[in-house]
Amino acid sequence: MNISFSRQLNDHQKKALQTLVGLCRQQDQFRLSCPVDGDLFYLMWDEAGQLASAIAVYQDDFLECRGFTRPDCRGKGYFRRLLNLLNKDFEDCPLIFSVDPNCLPAMETLKAISARLWYEEYAMGLDLGSVSLPPDQSPAFTLSFETEEPSLIAVTARLQSSRRPAGSCRLFLEGSSACLFSFEIRPSLRGRGLGYAFLCQLISRLKAMDIAVLNLQVSGQNLPAFNLYKKTGFRIRDTLSYYLYESGEVPLPDR
């Protein structure tokens, strides 16, 4: 077996990783994306030059990892060898593994390495064509849209009685769908129903822009935001679980 380390995948490595993830997704029926945009990659190749196992890493205050082992190579210790190398290179940094909780092989592997659940994140979606909003929303906002990048829009919400921003969010547009993130109401104005009013008006504007689907991700620990999105009509489409491996505590992300 040959192990390689890379900070940027070449075309051959990208194709090999995509093939590996495709085989795992077909076998295990999970929907995690192929992490070719990671910061670090640990790759194990078999004698035939085929990728047998891989760990992709996103580097921050902690390391967010996604691991994949080819179905016919499981049970041979390949993943653990890569994990030991990663842990040796970053022995003082917590490792966080993101997994689809419905993927039984991944859950069994996490149990075997004594990783513990850190938190869960939900991917939620709303089909704007089927959503029915209340005819009148009070209080009313004035929304301003500013294009920051070709597909990235910053939205600012102001109460009609004030020039000071009351809330804001960002939208990533892709065809007829949009991804909502960084949605917030100014702390001093929270608890008054303004988040719901802002979100309803935003949805109305997006419908007028021919946006058909609005997606977002929210932490399972952020119950106020989760309940707001459910009230507005968003439904859970995927769950992503994060498991902490190695001793040490890390703060929950604010998202």
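Residues are numbered from 1 along each chain as its sequence is written. Because the model is predicted, local features need pLDDT of at least 70 and side-chain atom pairs count only at pLDDT 80 or more, while totals for chains, interfaces and linings use all residues.

**View 1. The second largest pocket and its lining.** A pocket is an open set of points on a 1 Å grid over the protein atoms alone, where a 1.4 Å probe fits, with protein on both sides within 12 Å along at least five of seven lines, and lining residues have an atom within 4 Å of a point. The lining here is made up of 27 residues, and Thr69, Phe79, Pro105, Ala106 and Thr109 are those nearest the centre of the pocket. Two or more residues each come from helix H1 (11–28), strand E4 (63–69), helix H2 (78–89), strand E5 (95–99) and helix H3 (104–112), with helices being DSSP runs of H or I with at least four residues and strands runs of E with at least two, numbered from the N terminus. H3 gives the most, with five residues.

**View 2. Asp37 in a loop.** Asp37 is found between H1 and strand E2 (40–45), and this residue is exposed (over 50% relative accessible area, with a 1.4 Å probe and protein chains only), its own value being 56%. Although Asp37 and Lys14 are 23 residues apart in sequence, their C-alpha atoms lie 9.5 Å apart in space.

**View 3. The packing of H4 and H5.** Helix H4 (residues 194–208) packs against helix H5 (residues 223–232) at an angle of about 45°, and their axes are 10 Å apart, where axes are lines fitted to C-alpha atoms over the stretch in contact and angles run from 0 to 180 degrees between N-to-C directions.

Technical notes. Heavy atoms only, no water. Buried < 20%, exposed > 50% of the residue type's maximum accessible area, 1.4 Å probe, protein only.
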